[in-house]
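Here are some exercises to work through with the model open in your viewer. Try each task before you read its solution.

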Amino acid sequence: MNRGSRGLSTSDMRTLRMLLGRYAARYHLAGPEKNDLIERTFQALASNPDIFFEIPVEKVAAETMHRIYTGR
């Protein structure tokens, strides 16, 4: 289902960053490594906001972060 392209609102971005911060904790990273994982995941997700209409945000965020962390 394509609902048209839309960007993330400021509220969406803030919520997404908080979610990614919680997800990053499972990788036992701290400081710059944790921040880098969060930022790289955020950029990957923000560059394709339409994906949030296809699958639940929690699922896409977790899968994207894991893929980035494992280098796949």
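## Exercise 1: helix 1 against helix 3

Task: work out how helix 1 and helix 3 pack, from the angle and axis distance down to the residues.

Solution. Start with the geometry: helix 1 and helix 3 pack at an angle of about 50°, with their axes 10 Å apart. Helices here are DSSP runs (H or I, at least four residues) numbered from the N terminus, and axes are lines fitted to C-alpha atoms over the stretch in contact, with angles from 0 to 180 degrees between N-to-C directions. That angle makes helix 1 oblique to helix 3, given that under 35 degrees counts as roughly parallel, over 145 as roughly antiparallel, 65 to 115 as roughly perpendicular and the rest as oblique. Before going on, a word on the source: this is a predicted model, where local features need pLDDT of at least 70, side-chain atom pairs count only at pLDDT 80 or more, and totals for chains, interfaces and linings use all residues. Residues are numbered from 1 along each chain as its sequence is written, and side-chain values use heavy atoms, with hydrogens and water left out.

Next, list who meets whom. From helix 1 come L16, L19, L20, Y23 and A24; from helix 3 come V57, E58, A61, A62 and M65, with contact meaning heavy atoms within 4.5 Å. Sorted by class, that makes nine nonpolar, no polar and one charged. For the classes, Ala, Val, Leu, Ile, Met, Phe, Trp, Tyr, Cys and Pro are nonpolar, Asp, Glu, Lys and Arg are charged, and the others, Gly among them, are polar.

Last, zoom in on Y23: leaving aside neighbours within four places in sequence, Y23 is in contact with E58, A61, A62 and M65.

## Exercise 2: helix 2 against helix 3

Task: find the packing angle of helix 2 and helix 3, then check where T64 sits.

Solution. The angle is about 125°, and the axes of helix 2 and helix 3 are 9 Å apart. The two helices are therefore oblique to each other. On the helix 2 side you'll find L37, I38, R40, T41, A44 and L45, facing V60, A61, T64, M65, I68 and Y69 of helix 3. By class, this contact has nine nonpolar, two polar and one charged residues.

Now T64, in helix 3. T64 is buried at a relative accessible area of 5% (buried is under 20%, exposed over 50%, partly exposed in between, with a 1.4 Å probe and protein chains only). Beyond four places in sequence, T64 contacts T41, A44 and L45.

## Exercise 3: V57 and H28

Task: are V57 and H28 buried or exposed?

Solution. Take V57 of helix 3 to begin with. With a relative accessible area of 30%, V57 is partly exposed. V57 still touches L16, L19 and F52, not counting residues up to four places away.

H28 is in the loop between helix 1 and helix 2. At 73% relative accessibility, H28 counts as exposed. Check its backbone too: phi of H28 is near 55°, a positive value in a residue other than glycine.

## Exercise 4: the core

Task: which residues of the largest nonpolar core touch the most other members?

Solution. The core has 16 residues, and L16, L20, Y23, L37, L45, A61 and M65 touch the most other members. Helix 1 (10-24), helix 2 (31-46) and helix 3 (57-70) each supply at least two core residues. A nonpolar core is a set of buried Ala, Val, Leu, Ile, Met, Phe, Trp, Tyr and Cys residues joined through side-chain atoms within 4.5 Å.
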